[in-house]
Amino acid sequence: MSAVLPSSPHVHGPNAVSKVMHQVSLALIPALIAYTWLFGWGVVLNVLIAATVALASEALVLKLRDRPVMATLADGSALVTALLLAIALPPLAPWWLTTLGVAFAIILAKQLYGGLGYNPFNPAMIGYVVLLISFPLEMTSWLAPGELREGALSFAGAVSYVFTGNLPGMTGLDSLTMATPLDTMKTQLGLELTLNEITASSVFGELGGTGWEVVNGLILLGGLFLLFRRIISWHVPVAMLSSLFLASGLFHLINPDHYAGPLFHLFSGGAMLGAFFIATDPVSGATSDKGRLWFGAGVGLLTFIIRTWGGYPDGVAFSVLLMNMAAPTIDYYTQPRVFGHKRG
Amino acid sequence: MSRKLWHFPGGLHLPDNKAMSTGRPSGQSAIPQRLIIPLQQHIGAPAKPLVAVGDRVLKGEMLAKPEGYVSAPVHASSSGTVLAIEEHPVPHPSGLSAPCIIIETDGEDRWAELAPHPDYRQLDPSELRNIIRDAGIVGLGGAGFPAFIKLNPGSRVAIDTLILNGAECEPYITCDDMLMRERAEEVIYGARIMRHALQAKQCLIGIEDNKPEALAAIQDALAHIDDKSIEAVQVPTRYPTGGEKQLIKILTGKEVPSQGLPIDIGIVCHNVATAASVHRAVDLGEPLISRLVTITGHGAAEPQNVEVRIGTPIAGLLEQAGGVNTAPHRLLMGGPMMGFELKNAELPVIKTTNCLLLASAEDSPERGPGRACIRCGACAEVCPALLLPQQIYWYARAKDFDKAQDYNLFDCIECGCCAYVCPSNLPLVQYYRFAKTEIWAQERDKKAADKARERHEFRVFRQDREKEERAAKHKAKAKAVKKNSDEDTKKAAIQAAMERAKAKREAAGIEPKNTENLTEAQRQQIAEAEERRQAMKDQNTSSTAKKEANEE
């Protein structure tokens with residue numbers, strides 16, 4: 001199809017994939033800063049390691065596939081995957097954990113399928129789930145947020161731990177870590193404690209977990225920025241958050257002692273990140289507006305189901321991957337009415 | 001005065017770059033030395049030449065007549081001599097050559113005798129259509145569909161609304177704008193004739209709100225002519241408002257059915273320039289031999305509109321119209337969204353040449369690097385046909401044409417909005433054109449194959465039938481032969497026996513007795529008896545022969 005002369009249109013708007021990706025990265029920055037502020041330097045190390053590994057592994061595969069390396073790296077998609085995974089990892093993850101997750105995401109979940117645009121699953125979530133299943137201990141060793149932590153962890157300390165596993169001048173990691181709010185909620189609900197007893201703990205703040213709610217709030221802010229810049233459409237976030245809200249609200253109404261409230265669900269774990277940054281990934285999601293509503297609603301509902309009755313405290317990653325599988329079917333059944341065709 | 005308007009889905013706000021070419025009043029191009037007049041400047045069959053090389057032709061004389069129903073004649077746009085009838089490169093996306101009549105002009109520009117019809121009301125619609133057809137009028141908005149066909153509603157539908165398309169939504173192009181500004185009455189007169197031909201209840205002239213001067217001129221002319229059935233309507237500027245289906249939706253709220261025509265919903269849509277040429281054809285008797293052409297873009301030294309004779313070579317025209325800037329540029333025919341690139345300027349202006357865009361890097365910047373589709377759906381947001389361009393692209397690329405059709409590929413109007421917004425810089429429209437062409441080719445092949453199969457099946461059937469017929473004939477014949485041969489053998493056996501006896505007698509020399517010494521009288525008697533016998537024998541044989549002949 002090498003036409004002699006270029007076909008119309010002969011003009012092009014300002015849109016570009018690299019611009020889209022850079023805006024997504026930009027939108028994550030406020031949340032990353034707050035995350036670092038609350039959970040320490042480990043977050044920065046995660047981001048640096050993830051970004052380096054993502055770019056390096058993408059470059060490696062592109063070279064092996066004999067594709068243009070620099071032009072493709074410039075699209076910014078590897079960086080987005082790195083950032084998303086870095087923000088989802090525990091703040092003090094050992095270097096090899098981050099490396100493994102990101103390399104798996106980029107090499108297997110993205111490039112082996114053909115690179116950007118061809119991956120059926122969200123690469124960051126594949127990386128995350130691989131780590132969660134393979135290294136449950138490391139993946140659940142979360143630092144406590146700053147205000148709940150005994151003693152500070154210096155930048156040097158974080159570097160030392162991430163790269164060598166040693167914490168200088170300290171007894172061990174245990175003194176710094178704690179279970180995440182979602183984890184706590186799940187365990188203690190399992191112990192037949194009522195919701196009021198559980199949330200009395202300092203782990204819980206106004207909406208979600210202490211500290212966590214701030215990070216989630218800033219992710220929401222970043223998401224609104226993307227909506228405002230028309231990088232994402234409202235369909236997925238609205239559908240996902242409302243279905244999570246409605247499902248958790250319904251059960252909370254039925255049994256307020258046993259089911260956490262809807263706001264707790266929205267502002268804990270990966271709900272906000274999932275709604276605005278993960279489930280909105282156009283490549284692996286549904287493509288029509290109607291399809292996106294179904295897709296988002298499915299992610300929200302599955303998240304609630306997994307959180308409430310599943311084996312893991314959070315379910316956003318699994319839900320997104322499950323809905324990724326359903327996306328082609330959703331697309332097939334949600335084609336919009338074409339102009340000049342009969343309604344219905 | 002404010003009329004209810006509707007919206008069409010999708011679309012874009014584009015920088016219109018129209019002011020560039022509206023600063024000067026429209027000019028008139030000079031008579032070129034040579035006119036290159038293609039036989040096909042319209043949708044349909046090429047016209048059939050009526051002139052021969054060496055003929056003198058007058059301005060307005062028909063050079064070639066329509067061939068079949070969907071076709072249009074072409075006329076000499078100035079007087080001169082037919083120099084050649086041969087293949088010449090023509091403005092077409094394919095860049096190929098096509099048969100053209102080439103005229104060496106004599107500079108006299110002498111008109112042929114014209115037959116004006118001062119009062120169109122005296123003519124019935126079919127007479128009007130014949131005049132319009134013989135004037136070679138085709139859609140001047142760019143499609144070039146013979147106008148008389150779109151003025152023939154047939155008996156099946158009553159036409160409610162005639163829409164004149166003065167939207168001109170493509171950036172850069174201003175020929176309709178300038179026509180409405182400078183020759184508004186011509187448009188209105190044409191509208192009245194068209195309305196009469198269609199027996200339409202009302203006529204709406206849709207004009208985008210970035211052309212207030214044109215709207216004012218039309219409204220002024222309407223007030224002057226005082227025709228209450230024609231109304232100028234201002235519509236919002238949004239590409240592609242000038243698309244037929246889109247403008248109909250905006251003005252009437254109705255959607256032209258997929259694969260259908262506006263006439264199916266009682267609407268007919270013509271371009272304003274077509275209307276003006278209908279006026280000239282009917283009221284003045286002038287065939288379509290010239291049109292307004294916008295010459296614009298940052299490559300043009302003096303962007304402007306020019307009334308150009310059909311067949312004028314572009315190179316000379318550009319030179320006349322202020323020349324060309326030195327900055328590198330591409331030559332496009334049509335606008336930047338739907339136009340196509342011309343390989344060189346040796347091509348002639350044809351009936352559908354609305355704009356010559358000398359697109360510099362400023363007008364048509366180099367596309368960024370092409371990337372993979374990320375299914376962002378920006379294309380679906382702007383698609384005026386409500387398609388999912390990302391899905392059609394996917395299937396067109398994979399050459400899964402059935403699936404591409406499932407996603408309604410053929411509802412695509414190739415407006416280019418999807419490719420304009422695509423962040424991956426994909427030449428989407430090119431993929432859709434490719435898929436459509438492939439599907440058409442496949443259908444042609446399939447039709448040819450079906451025909452071949454039908455022929456083959458008929459041949460087999462015919463051969464079988466002939467075989468059977470032959471067999472039946474043989475059988476019948478064999479039966480007849482058998483019947484005949486029974487009688488024949490009997491006869492033959494008798495004859496053979498008789499002959500044998502005769503031979504025996506002759507061999508034995510047996511002769512009748514007492515025949516040596518006979519008197520004269522006796523001999524006479526014997527001879528007479530012999531004669532009688534012979535006569536009787538002859539009679540017998542002939543009757544047998546007759547009998548046999550009858551049996552045959």
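Tutor: We can begin with an open sheet in chain B, in which four strands run in the order β2-β8-β7-β4 with antiparallel pairing. Its edge strands are β2 (34-38) and β4 (56-57) of chain B, each of which pairs on one side only. This is a predicted model, in which local features need pLDDT of at least 70 and side-chain atom pairs count only at pLDDT 80 or more, while totals for chains, interfaces and linings use all residues. Residues are numbered from 1 along each chain as its sequence is written, and chains are lettered from A and ligands numbered from 1 in the order in which they are written.

Student: How do you know how the radius of gyration of chain B stands against that of a compact globule?
Tutor: The radius is taken over C-alpha atoms, and the globule rule is 2.2 Å times the number of residues to the power 0.38. For 552 residues a compact globule would have a radius near 24 Å, but chain B has 41 Å. The C-alpha trace of chain B spans about 145 × 60 × 50 Å along its principal axes, and its secondary structure comes to 13 helices and 17 strands.

Student: Why is A:Leu131 called buried?
Tutor: A residue is buried if 20 or more other C-beta atoms, placed from the backbone, lie within 10 Å of its own, exposed if 12 or fewer, and partly exposed in between. A:Leu131 has 25 other C-beta atoms within 10 Å, and is therefore buried. This residue lies in helix α6 (residues 123-134) of chain A. Leaving aside neighbours within four places in sequence, A:Leu131 is in contact (C-beta atoms, placed from the backbone, within 7 Å) with A:Leu97, A:Leu100, A:Gly101 and A:Met139.

Student: How do you know that the length of helix α6 of chain B agrees with expectation?
Tutor: The expected span is 1.5 Å times one less than the number of residues. For the 13 residues of α6(B) (residues 272-284) that should be 18 Å, and because the end C-alpha atoms are 18 Å apart, the two values agree. α6(B) is also mostly covered, with 11 of its 13 residues buried, including B:Val272, B:His279 and B:Arg280. The helix is followed by B:Gly285, whose phi is positive, near 80 degrees.

Student: What makes a set of residues a nonpolar core?
Tutor: Its members are buried Ala, Val, Leu, Ile, Met, Phe, Trp, Tyr and Cys residues joined through C-beta atoms within 7 Å. The largest such core here has 245 residues, and those with the most contacts inside it are A:Leu85, B:Val187, B:Ile205 and B:Ile218. Helix α1 (residues 17-39) of chain A gives this core its largest share, 11 residues.

Student: Which residues of chain B touch chain A, and how many are there?
Tutor: On the chain B side 51 residues are in contact with 33 residues of chain A, and α12(B) gives the most to that side, with four residues.

Key. Helices (H or I, at least four residues) and strands (E, at least two) are DSSP runs, numbered from the N terminus. Two strands pair if DSSP finds at least two bridges between them. Two residues are in contact if their C-beta atoms, placed from the backbone, lie within 7 Å.
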